[in-house]
Amino acid sequence: MDRVRVSFKKHVPLGLLFVTFVLLATIPFYVQPYLVILLTTIFMYIIITVSWAIFSGPTRYISLASAAFFGVGVYASAILGKTLPLPIVIAFGGLVSFILALFIGLLTLRLRGMYFIIFTFGVSELIRHSLLWWEANITGTVGRWVVVVDHTTVYYVMLIIFVMALLITYLIRRSRLGLALRSIGEYEESAAHIGINVTALKTITFAISAFFMGAAGAIMATRWTYIDPHIAFSPLFSFMPVLMAIFGGTGQIYGPVLGAAVLAYLEEILTTKFPYYYMLLFGIILIVVILFLPHGLVGLVQRWRKGGSKRQNANA
Amino acid sequence: MFVAILDVVIGGLIMGGIYSLIAVGLSLQYGVGRVLNISHGEFIMLGAFSTWSLYTIFGISPLVSLVICGPVMFIIGFLIHRALFQYLRGKSESIGAFADSSLLASFGLLFIIQNVALLLWKADIRGYSYLDSSVNILGAIFTANRLVALLFAVVISLAFYIFLTRTRLGKAIRAAAEDPATAQVMGVNIHRVLAICFGLGALMAGFAGPLISMMYEIQPTMGLEYTIIAIIVVVLGGLGSITGSLIGGFILGLIGSIVTYFDPGLSLIAYYVIFILLLLIRPTGIFGK
Amino acid sequence: MLMLEGKKVMKHFGGLVAVHNVDFGINQGEVVGLIGPNGAGKTTLFNLISGSLPTTAGEIRYKGEKITGLKPHQICKKGVARTFQSAQTFAGLTVFENALAASLFGKKRAISVPDAEREATELLEFVGLSTVGAVLARDLPIANQKRLEVARALATKPELLLFDEVMAGLNPAEVARAMELITKIRNKGITLFMIEHVMKAIMKVCDRIIVLHHGSKLAEGTPEEITTNKKVIEVYLGE
């Protein structure tokens, strides 16, 4: 992909990234299994959030279909896991989600704003309820068993998907596709008038974001071992990435990563110690962020940096 | 055969009455205030649970609770709008940005209210029996509470319709919905009208909650499903049309009743299918602009 | 050569007739004005030409080729560009990025990023915005936002340019500068079709003027013919 000069600065040195990656890659060797499992869950949220932000970040179309794409991957894994090797199952999970997203994307050509949001939610819920009805009435058994995979493998697969999703985010951002998507998000009609094929670009980006969600779903299913429509297509998988991305801030690549990491970790702690409080806390965090931190943690970091350079200039 | 039809039709009207109420509430909040209040169902849930508590602890009739819950919800809604959504409106750089941020804020409300309910009432399913004697209408059998619920729903809807068309405040609301800028120029206090509209939306939820609790079992997670149904009815009736929401509610209720007759598990699916088809083919709904 | 041709163009919105049976023709190199009272259907006509809205009936041809029914990005790539009544710049992007996006996507053939960057720089200079390249579009004063819209439209290398009230909201000095820019564009060989309310400018700059009223064509002719046309004077008090 080609490079486009962008107006925001990149401030994460390559060396730091490399060290972090090595750290994450070798963690299973010197850390408790419980932590590996925790990290896997956090990666799941990060992947869904980062993927969500690939499309919804620049275009400002809030998609609530994440549960559909994730769930499709989960079910692909459950259905195919017994007969196909793991890498194929994961690729398949991603691919089916990709196709579903293409289909949904082409359907929603004319829907914008609120209509798009409720439509994507409606589709997710329709899939969930239809599958539930199908299992209850046609096949007779609700839910399925999934082939078990050891937690270290699951961790590494998640890590790989995470790196890929982050890489794609970076590449798109710096490419002309990224500029086109941001133009669409700023003013879609103008974007169309300067030659951007809005429909095609929206749809393909939507599908790319779905691919990673599906892949993540496919591998997560093996962690849960038993899945049913409520687990696979839970509306929380649609709401959480939105919350996490807003909290982290969509202005920079690390925003969704940070937002998802913090909130996923918080959720883990809270659901074990104070299960009756985590929704309350998340709700308060969301409202506080909307009111006072519209650019999320990224905005906070940028303000702090500006304050730092101001202080430097004042002293110079 | 005739009894079956009567069963379905009256059953549909009963559900429709509730659907109309909650849809009108949401329509007011969205059509005028431009807030898609995804926590609407949580207000309904609060109304339902308050009624349950008042009945099981103090023996207060749900019909009396209705008169209490409605206004209380109105006040809560009004205050929330003033404190939260009005502030957001001032801070947003465009209508689109406000729509997004208010939707997200209402998500936050959903989480908070549902959690509060979980803390107060725990996660169990609750119910109580009130006016559950059977009434026979030409062969179709209904419990009295359902018929009373229908009666109240219709009366409230009618009263509200008269309010909107005959009173000064009602006309101000309709003016603000049509053309906020002009309305403001004509002397309508837009900020107060918007807050009142949001409060009225909560009022409808406050009325619907007790009625629902009379007929069904309730649990703290019940809210979202009602919010979705309200959204579907509003889209069906047409965004911005109160009449549309009223009529749409009854239409959806009837459809639900018909589908339930054949397979209860399919009713929600039927709603979603209708919803998606509407958005694809005629997003403006029946009466929308 | 006939650059743009409209035959019996109609647009209905339910019961409301916005554009009714309008015929028009624009020749290459011309500067044609489109005037009429508010609500006459001028912007709607532009929306029909640029593909923003579908026609209810009638045909629009660009260089002989039918463009009714095409999508805006397709029409843009053929060589038709437009600006909007309220400056619809990419508010959160920088001035440079606005122009760059148009350079990258607006032409029939894809071009490389370095070439697009060079073009964008040249264009910003052409319209006089080279000093504010790094400024966010939303932080520009209205006059500069309009210039940015012009730069963006020019970046797509159009042969026909539709200007929708470029001069609205400008003070007399800014209007004069805008007119200079229009002359510069005209000298580049680009055909101009412009909606305007600023009468002085229209009369000075246009070869021909079309007058719309209630969606129909009321009159058409040179500026002198239009200013002396009884029907036009009745309906539309000029300055």
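Me: Which chains have the most contacts between them?
Reply: Of the two pairs of chains that touch, chains A and B have the most contacts. Two residues are in contact if their C-beta atoms, placed from the backbone, lie within 7 Å. This is a predicted model, where local features need pLDDT of at least 70, side-chain atom pairs count only at pLDDT 80 or more, and totals for chains, interfaces and linings use all residues. Residues are numbered from 1 along each chain as its sequence is written, while chains are lettered from A and ligands numbered from 1 in the order in which they are written.

Me: How far apart are the closest C-alpha atoms of chain B and chain C?
Reply: They lie 10 Å apart, and no contact joins chain B and chain C.

Me: And how many residues does the contact take from chain C and chain A?
Reply: Chain C gives 26 residues and chain A gives 21 residues. On the side of chain C that touches chain A, α3(C) gives the most, with six residues. Helices here are DSSP runs (H or I, at least four residues), numbered from the N terminus.

Me: New topic: which residues of α13(A) are buried?
Reply: Among them are Tyr278(A), Phe282(A), Leu286(A) and Ile290(A). Buried means 20 or more other C-beta atoms within 10 Å of a residue's own, exposed means 12 or fewer, and partly exposed is in between, with C-beta atoms placed from the backbone.

Me: What does the face turned away from the buried side of α13(A) carry?
Reply: That face carries the exposed residues Val288(A) and Phe292(A).

Me: How far apart are the end C-alpha atoms of helix α13 of chain A?
Reply: They are 21 Å apart, which agrees with the 21 Å that its 15 residues (278–292) should span at 1.5 Å a residue. The expected span is 1.5 Å times one less than the number of residues.

Key. Helices (H or I, at least four residues) and strands (E, at least two) are DSSP runs, numbered from the N terminus.
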